[in-house]
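Reader: I have just opened this one and would like to get my bearings. Could you walk me through it?

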Amino acid sequence: MSCFIIEGGEKVKGEITVQGSKNGTLPLLSAVLLTQGKNVLYGCPQLSDVTSALKILTYLGCKTEHKNGTAVIDCTDAWRCDIPDFLMREMRSSVVFLGALLARFGKAELSAPGGCEIGLRPIDLHIEAMKALGAEVNESGGRIFFACPQGLHATRITLSFPSVGATENIILASCTAKGETVIVNAAREPEIIELAHFLNRCGAKIKGAGESVIYIEGTDKLYPCEHTVEQDRIAAVTFMAAAAVTGGEIFLNGLHQGLLMPVLEPFKESGCTVKADANGVHLIAPKRLRRIKTVRTMPYPGFPTDSQADFAVMASVAEGTSVIVENIFENRFKYIAELNKMGACARAEGRVAVIEGVKRLESARVEATDLRAGSALVAAALNARGSTVVDGVAYIDRGYESLEVQLKRLGAKIKRGV
Ligand code: EPZ
């Protein structure tokens with residue numbers, strides 16, 4: 001597995017156009033299965049998770065091509081409705097093919113998905129929702145078999161938690177189901193809005209995406225379309241945090257500030273100046289960051305769990321003590337032990353981390369324990385005195401397009417090693 005070698009102390013400074021969103025792209029790569037003909041996704045990021053999704057589509061019989069940020073997918077000849085274990089294990093998002101497979105073939109076969117180990121991550125909400133839409137579900141030998149010989153039928157589904165993936169699966173399954181499906185307590189993330197927007201352009205009738213209640217009126221047929229993937233709001237925060245901990249300054253070209261709404265206040269609380277206009281978002285770091293009293297991760301529009309580690313790194317070099325409460329995943333503080341190897345003064349117990357800021361971090365050899373932990377450790381290394389090695393870069397490659405190349409352009413001293 002490759003590593004990053006980072007000489008800390010250089011300011012992260014300059015302008016960047018943030019890559020297309022990973023979590024926005026993945027459900028779109030499932031949505032294309034509902035259409036026949038060529039779909040084109042512009043700004044489709046070059047990430048290992050995207051490659052995994054394209055491998056699944058190829059396995060299912062679709063034609064895929066991904067070059068220079070454009071993915072072309074033609075699902076006309078898709079014929080399989082099973083996803084083998086080895087592809088399911090590559091990422092969590094493989095489960096989001098479920099709704100589209102059921103809608104297209106009236107059956108689906110898969111196993112529990114893999115992905116970053118940040119908690120239990122069950123798929124019970126997905127399974128219950130498919131049952132509510134009329135699927136019969138059987139499990140045997142680690143495989144789960146879904147069948148709806150009479151087709152899916154619309155219904156009202158109240159989610160016990162606004163799960164992003166389950167909301168996406170219900171939308172995908174119900175676009176062509178008969179009647180009106182209603183999702184109550186739906187996830188409200190921007191990625192849900194993007195999925196609904198894409199599907200509506202394909203001919204679906206979805207209303208309310210971005211709100212807690214979503215209405216989907218089934219239609220007979222969806223058509224392929226062309227779409228530009230929204231910029232990645234989570235990667236944007238990573239670059240902002242990297243600028244913040246190095247006393248730098250960054251301009252995020254073309255980024256809608258609305259995407260950053262849940263993190264703007266905490267950035268300001270830390271002493272950063274954040275200005276936004278129609279051209280993008282500009283962050284200027286203070287000489288020394290201030291503590292962020294309490295960050296609590298919540299479903300959107302709350303503070304995103306995926307940006308929690310970035311803020312922990314900022315807190316680790318801020319003046320004062322900060323508290324982070326993780327409410328979404330049970331096990332998302334594994335990186336704290338790594339951060340402490342770099343001289344941070346942090347303690348995590350259960351879902352709470354208490355971080356006492358130090359003036360500057362020290363170099364060490366650390367390990368990315370998951371995707372966002374990995375990118376946050378890179379930000380930490382940019383602050384640290386000396387040369388830090390971050391192992392486990394394969395995790396980071398799941399969600400960041402050549403992170404080292406992007407950071408180098410912003411003045412960081414970073415290279416990929418083995
Ligand atoms: C999506 O995961 C994102 N992944 C995650 O990003 C993100 O952290 C998460 O939403 C929350 O915002 C993608 O979009 C590909 P959930 P998802 O279902 O859909 C529990 C990253 O770093 N739950 O909203 O898997 C679950 O265990 C990744 O980019 C059930 O109990 O998240 C978790 O505690 C990591 N049963 C909570 O709900 C279920 O059936 C939220 O999960 C489903 C979920």
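Reader: Let's begin with the ligand: how many residues surround it, and which are the closest?
Author: Bearing in mind that this is a predicted model, 22 residues surround the ligand, and the closest are Asp124, Ser163, Asp306, Ile328 and Arg372.

Reader: What classes do the residues of that shell fall into?
Author: The shell around the ligand is made up of nine nonpolar, six polar and seven charged residues.

Reader: And which helices supply at least two residues of the shell?
Author: There are four to look at, namely α1 (22-31), α5 (124-132), α6 (164-174) and α12 (371-383), each of which supplies at least two shell residues. The largest share comes from α5, which gives three residues to the shell around the ligand.

Reader: Okay, which domains does the shell draw on?
Author: At least three residues of the shell come from domain 1 (3-19 + 232-417), and at least three come from domain 2 (80-220).

Reader: Which polar backbone atoms lie by the ligand's oxygen atoms, and how far off are they?
Author: In Val164, a polar backbone atom is 2.8 Å from an oxygen atom of the ligand, while in Ile328, which is also among the closest residues, a backbone N or O atom lies 2.6 Å from a ligand oxygen.

Reader: How much of the ligand's accessible area does the protein cover?
Author: On its own the ligand has 830 Å² of accessible area, and the protein covers 89% of that. As for the space taken by the ligand, it is the largest pocket.

Reader: Switching topic, where is the cis peptide bond?
Author: The cis bond runs from Tyr300 to Pro301, with omega near 10°, and Pro301 belongs to the loop between β17 (294-296) and α10 (308-316).

Reader: And what about Asn68, is its phi positive or negative?
Author: Asn68 has a positive phi, near 45°, although Asn68 is not a glycine. Asn68 is placed in the loop between β4 (63-67) and β5 (70-74).

Reader: Why do you point those two out?
Author: Because most residues other than glycine have a negative phi, and most peptide bonds are trans.

Key:
Residues are numbered from 1 along each chain as its sequence is written. This is a predicted model: local features need pLDDT of at least 70, side-chain atom pairs count only at pLDDT 80 or more; totals for chains, interfaces and linings use all residues. Side-chain values use heavy atoms; hydrogens and water are left out. A residue is near a molecule or strand if one of its heavy atoms lies within 4 Å of it. A polar contact is a pair of N or O atoms within 3.5 Å; within protein, one must be able to donate a hydrogen and the other to accept it, and residues adjacent in sequence count only if both atoms are side-chain atoms. Accessible areas come from the Shrake-Rupley method with a 1.4 Å probe; for residues, only the protein chains shown count as cover. On a 1 Å grid over the protein atoms alone, a cavity is a set of points where a 1.4 Å probe fits but cannot get out, and a pocket is an open set with protein on both sides within 12 Å along at least five of seven lines; lining residues have an atom within 4 Å of a point. A molecule sits in a cavity or pocket if more than half of its atoms lie within 2 Å of its grid points. Ala, Val, Leu, Ile, Met, Phe, Trp, Tyr, Cys and Pro count as nonpolar, Asp, Glu, Lys and Arg as charged, and the others, Gly among them, as polar. Domain bounds come from an automatic or database domain assignment.
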